[in-house]
Amino acid sequence: MIIRAAEADDAQALAAIYGHHVLHGFGTFETDPPDAAWMDGRRREIQGYGLPFFVAEDGARVLGYAYAGPFRPRPGYRFTAEDSVYVAPDAVGRGVGRAVLSRVMEACEAFGLRQVVAVIGDSGNAASIGLHRSLGFANAGVGRSFGFKHGRWVDIVWMQKSLNGGDETPPTGPGIKLSGS
């Protein structure tokens, strides 16, 4: 398995992986799977900020992906990102999520970010909660019944990881270029 930057040619695989989770899971609150063009637009947007969007590949097959995007659009949030990680259903349990999200975290640290937030759909999502915990994320709270999907109310679990000393010192770099910053 190799981890590399996502490219335009990965759009169909990204859409297939994400589409599975949209239709069958609670990790995202989307209800209609986006197409490959939308996924490629998302990739371009993330990479346009200078932020990481990586895929895990085995041979010529994309097994999963992860990225970090701006947490919120206002300039005061420019040192905080939100991660996303999705794995093909037949690759779950093979270390794909850990490998690709670890690389995203390394890139976020190199970028100079101070906080990474995970907003995990479903308080019963033990795999994602466990993955984030294993990478040093701490619980930051639970939002009860924030979404409604597949006929039931769904919680979100907030987790957070400090990078580069977190809030112990002021930031030294510019952070993510957001509107107004």
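**Figure 1. Overall fold of the protein chain.** The chain contains four helices and seven strands, where helices (H or I, at least four residues) and strands (E, at least two) are DSSP runs numbered from the N terminus. Their order along the sequence is β-α-α-β-β-β-α-β-α-β-β. The radius of gyration is 16 Å, close to the 16 Å given by the globule rule for 181 residues, so the chain is as compact as a globular protein of that length; the radius is taken over C-alpha atoms, and the rule is 2.2 Å times the number of residues to the power 0.38. Along the principal axes, the C-alpha atoms fill a box of roughly 45 × 40 × 30 Å. Of the 181 residues, 46% are buried (under 20% relative accessible area; exposed is over 50% and partly exposed lies in between, with a 1.4 Å probe and protein chains only). Among contacts (heavy atoms within 4.5 Å) between residues at least 6 apart in sequence, 67% join residues at least 24 apart.

Figure 2. R43 lies in helix α2, which spans residues 36-48. With a relative accessible area of 9%, R43 is buried. Its side chain forms a polar contact of 2.7 Å with the side chain of D40 and another of 2.6 Å with that of Q47. A polar contact is a pair of N or O atoms within 3.5 Å; within protein, one must be able to donate a hydrogen and the other to accept it, and residues adjacent in sequence count only if both atoms are side-chain atoms. Leaving aside residues up to four places away in sequence, R43 touches A6, E7, A8 and F53.

**Figure 3. Backbone at S145 in strand β6.** S145 belongs to strand β6, residues 138-149. Its phi is near 55°, a positive value in a residue other than glycine. The relative accessibility of S145 is 35%, and the residue counts as partly exposed.

**Figure 4. Backbone at H150 in the loop between β6 and β7.** H150 occupies the loop between β6 and β7, the latter comprising residues 152-162. Phi of H150 is near 50°, again a positive value in a residue other than glycine. At 44% relative accessibility, H150 is partly exposed.

**Notes to all figures.** Residues are numbered from 1 along each chain as its sequence is written, and side-chain values use heavy atoms, with hydrogens and water left out. In this predicted model, local features need pLDDT of at least 70 and side-chain atom pairs count only at pLDDT 80 or more, whereas totals for chains, interfaces and linings use all residues.
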